[in-house]
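Take a moment to look over the sequence and the fold.

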Amino acid sequence: MFFILGIQDEVRELAFDQTVVCPVCGRFGHLRVTVACTVLSLFFLPVLRWGRRYAVRLSCCGAGCDLDARLGRDIERGRVTQLDPDGLPLSGGRPGRKRCRQCGFETGEDFAFCPRCGTKF
């Protein structure tokens with residue numbers, strides 16, 4: 001008799017998408033929540049999941065942080081539909097960077113206008 005077992009890490013994005021003004025870079029972005037866990041599979045079917053970790057990430061600059069497990073479970077079950085980005089301990093990202101709304105050009109310089117298309121920052 002043969003058994004096919006496997007253990008792997010799984011990361012998936014939850015059905016949570018909130019548009020916010022980023023407290024790190026000051027641009028509009030989407031707040032997205034992901035859950036990561038370890039999965040035991042038997043014959044390529046998931047049997048057991050453990051070690052769930054929840055994280056939030058901003059799409060504008062990549063800043064993010066880990067979430068409390070209870071808050072993550074509430075988001076996953078649909079009980080929480082809004083998060084306060086100012087209350088999250090966000091880290092990372094690209095502070096001090098500007099991105100043009102028109103063409104998407106990104107710069108760290110203190111320009112008043114976009115060097116590529118001329119649109120005001």
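In which element of the protein chain is confidence lowest, and in which is it highest? This is a predicted model, and its mean pLDDT is lowest in strand β5 (residues 98-99), at 70. Confidence is highest in helix α1 (residues 69-76), where the mean is 94. For the protein chain, the mean pLDDT is 86. A value of 70 or more is reached by 93% of its residues. Where pLDDT is low, the predicted coordinates should not be read in detail.

**The sheet**

Start with the strands. Four of them make an open sheet, in the order β1-β2-β3-β4, with antiparallel pairing. Strands of a sheet pair through backbone hydrogen bonds, either parallel or antiparallel.

| Strand pair | Bridges | Residues between strands | Residue with positive phi |
|---|---|---|---|
| β1 and β2 | 14 bridges | six residues | glycine 26, near 85° |
| β2 and β3 | 11 bridges | two residues | phenylalanine 43, about 55° |
| β3 and β4 | Four bridges | five residues | glycine 62, about 85° |

Some bridge partners can be found by name. Aspartate 9 stands opposite threonine 38 in β2. Leucine 31 faces leucine 58 in β3. Valine 56 is partnered with cysteine 65 in β4.

**The core**

Now turn to the nonpolar residues. The largest nonpolar core has 21 residues. Which of them touch the most other members? They are Leu31, Val33, Val56, Leu58 and Ile75. At least two residues of this core come from each of β1 (5-21), β2 (28-42), β3 (45-58) and β4 (64-67). In soluble globular proteins, nonpolar side chains tend to be buried together.

Valine 56 shows how such a residue is surrounded. Leave aside its neighbours within four places in sequence. Valine 56 is then in contact with Leu31, Arg32, Val33, Ala63, Gly64, Cys65, Leu67, Leu88 and Leu90. Leu31 and Val33 are named with Val56 among the residues that touch the most other core members.

**Two strand residues**

Glycine 6 has its place in strand β1. Its bridge partner in β2 is serine 41. Beyond its neighbours within four places in sequence, glycine 6 is in contact with Val39, Leu40 and Ser41. Glycine 6 has a relative accessible area of 27%, so it counts as partly exposed. How far is glycine 6 from alanine 63? Their C-alpha atoms are separated by 33 Å, and the two are 57 residues apart along the chain.

Aspartate 66 lies in strand β4. Is aspartate 66 buried or exposed? Its relative accessible area is 64%, so aspartate 66 is exposed. Leaving aside neighbours within four places in sequence, aspartate 66 is in contact with Tyr54 and Ala55. Leucine 90 is 24 residues away from aspartate 66 in sequence, yet 8.7 Å away in space, C-alpha to C-alpha.

**The aromatic pair**

How many aromatic pairs does a search of the whole structure find? It finds one. The partners are phenylalanine 3 and phenylalanine 43, whose ring centres are 6.3 Å apart. Their planes meet at 45°, so the pair is tilted. Phenylalanine 3 belongs to the segment before β1, and phenylalanine 43 to the loop between β2 and β3. The pair therefore ties together parts that are 40 residues apart in sequence.

How open are the two residues? Phenylalanine 3 counts as exposed, because its relative accessibility is 58%. Phenylalanine 43 has a relative accessible area of 40%, so it is partly exposed.

Definitions and conventions:
Residues numbered from 1 in each chain as written. Predicted model: local features only at pLDDT ≥ 70, side-chain atom pairs only at ≥ 80, totals over all residues. Heavy atoms only, no water. Core = buried A, V, L, I, M, F, W, Y, C linked by side-chain atoms within 4.5 Å. Buried < 20%, exposed > 50% of the residue type's maximum accessible area, 1.4 Å probe, protein only. Contact = heavy atoms within 4.5 Å. Pairing = 2+ DSSP bridges. pLDDT = per-residue confidence, 0-100. Phe/Tyr/Trp six-rings, centres within 6.5 Å; stacked < 30°, edge-to-face > 60°.
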